[in-house]
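User: I have a structure open and want to learn how to read it. Can you take me through the features one at a time?
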Amino acid sequence: MDNHLSQLKRPREAARREGASVRTPPAGAEVRVEHASRRYGSVDALVDASLHASPGEMLAITGRSGSGKSTLLHLIGGLDQPTSGRVLVDGREIWREPGSARHRRELVGFVFQQHFLLTDLVARANVEVALLGSGMRRTERRSRALELLDEVGLADRAEHLPEELSGGERQRVALARALANEPRLLLADEPTGAVDSGTSQLILDLLAELRERRGMTLVIVSYDAQVGIRADRMLTVIDGRVADPD
Ligand SMILES: Nc1ncnc2c1ncn2[C@@H]1O[C@H](COP(=O)(O)OP(=O)(O)O)[C@@H](O)[C@H]1O
Ligand SMILES: [Mg+2]
């Protein structure tokens, strides 16, 4: 296994030394939310929210339970649409465009509080699932999945089922899966909500490191204000409103 992985890694490292770009992910996406509101029936989940994230920025969003954080993240990722206002990724309303589901899959990676791994598939196969629509051949998907698991420090757990992994390890598999399509925007919704505080710090460190290395934009929602330490900026959502930091 180790030998196999070091073979995978070597060409990338050699290419990096020579200044070539082998599967270098494109730069992070720009996010702009303009006066977005979301109403569910009579509930104003989000009210007149505006924010901006520059390409490659790490933005933390905190706030109490029920304040509207997930709603805001879903709007940014195009999983949900605003009742009014606009959400632009690289200046475009992605969910309005033809083929938006595919476009979103290629552009955005999601990590949730629950890992949503398929319980009867080993870690590697769970990551491979995300590559099914990529046009890669089976052997290629397999190597790529192993490479991604290596990137999150789980090379030696690749052939284990989710039930054989710790909570933190499962979350790292979910992260490897989220990175499979080289997202330019990674959205994490309480990614440490279901693990102990030590593991939580490790996952936050890993997210920050991946953002740095890949240059992707990272928006991370957490009720844990600790997340703000690693972020470039932190916003707070209070009763559906994004509090002005100034
Ligand atoms: N799909 C939905 N249908 C109805 N109400 C919802 C839905 N999603 C969220 N809400 C409500 O919107 C508010 C904000 O929820 P949410 O964005 O999940 O908050 P948070 O992530 O900060 O805990 C809550 O009052 C919640 O009950
Ligand atoms: Mg939430």
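Analyst: Start with contacts. Two residues are in contact if their C-beta atoms, placed from the backbone, lie within 7 Å. One caution: this is a predicted model.

User: Apply that to one residue. Which residues is Val152 in contact with, leaving aside its neighbours within four places in sequence?

Analyst: Arg172, Leu175, Ala176 and Leu206. Val152 itself is found in the loop between helix H5 (138–151) and helix H6 (167–178). Take Leu175 as a case. Val152 and Leu175 are 23 residues apart in sequence, yet their C-alpha atoms are 7.6 Å apart in space.

User: Is Val152 buried or exposed?

Analyst: Count C-beta neighbours. A residue with 20 or more within 10 Å is buried. Val152 counts as buried because it has 25 C-beta neighbours inside 10 Å.

User: What share of the protein is buried?

Analyst: Buried residues are 40% of the 246 residues. The largest nonpolar core has 62 residues. Those with the most contacts inside that core are Ile76, Val127, Leu149, Ala176, Leu185, Leu187 and Val219.

User: What does Leu185 touch, not counting residues up to four places away in sequence?

Analyst: Its partners are Gly28, Ala29, Val31, Val89, Leu107, Val108, Met216 and Thr217. For the whole protein, take contacts between residues at least 6 apart in sequence: 71% of them join residues at least 24 apart.

User: Now the secondary structure. How many helices and strands are there?

Analyst: Eight helices and nine strands. To read the sheets, look at pairing. Strands of a sheet pair through backbone hydrogen bonds, either parallel or antiparallel.

User: What is the strand order in the open sheet of three strands?

Analyst: The order is E2-E1-E4, with antiparallel pairing. The edge strands are E2 and strand E4 (84–89), each pairing on one side only. From one strand to the next, the twist averages 20°. Strand E1 (residues 31–40) pairs with E2 over seven bridges, in the antiparallel sense. In one of these pairings, Arg32 has His52 in E2 as its bridge partner. Helix H2 packs on this sheet and touches E1, E2 and E4. The direction of H2 makes about 125° with that of E1.

User: And what is the order in the open sheet of six strands?

Analyst: Read it as E5-E6-E7-E3-E8-E9, with mixed pairing. Strand E5 (108–111) and strand E9 (241–242) are the edges, and each pairs on one side only. E5 pairs with strand E6 (residues 185–189) in the parallel sense, over four bridges. Val111 has Ala188 in E6 as its bridge partner. H6 packs on this sheet, touching E5 and E6. The angle between the directions of H6 and E5 is about 170°.

User: Last feature. Which residues surround ligand 1?

Analyst: List the shell, then sort it. Around ligand 1 are Tyr40, Val43, Ala45, Gly63, Ser65, Gly66, Ser67, Gly68, Lys69, Ser70 and Thr71. Strand E2 (43–53) and helix H2 (69–76) are the elements that give two or more residues to this shell. H2 supplies the largest share, three residues.

User: How do the residues of that shell divide into nonpolar, polar and charged?

Analyst: Three are nonpolar, seven are polar and one is charged. Now tie the picture together. H2 gives residues to the ligand 1 shell, and H2 packs on the sheet that holds E1, E2 and E4.

Methods: Residues numbered from 1 in each chain as written. Chains lettered and ligands numbered in written order. Predicted model: local features only at pLDDT ≥ 70, side-chain atom pairs only at ≥ 80, totals over all residues. Near = placed C-beta within 6 Å. Nonpolar A, V, L, I, M, F, W, Y, C, P; charged D, E, K, R; others polar. Buried ≥ 20, exposed ≤ 12 C-beta atoms within 10 Å, placed from the backbone. Core = buried A, V, L, I, M, F, W, Y, C linked by C-beta atoms within 7 Å. Pairing = 2+ DSSP bridges. Axes fitted to C-alpha atoms, helices over the stretch in contact; angles between N-to-C directions.
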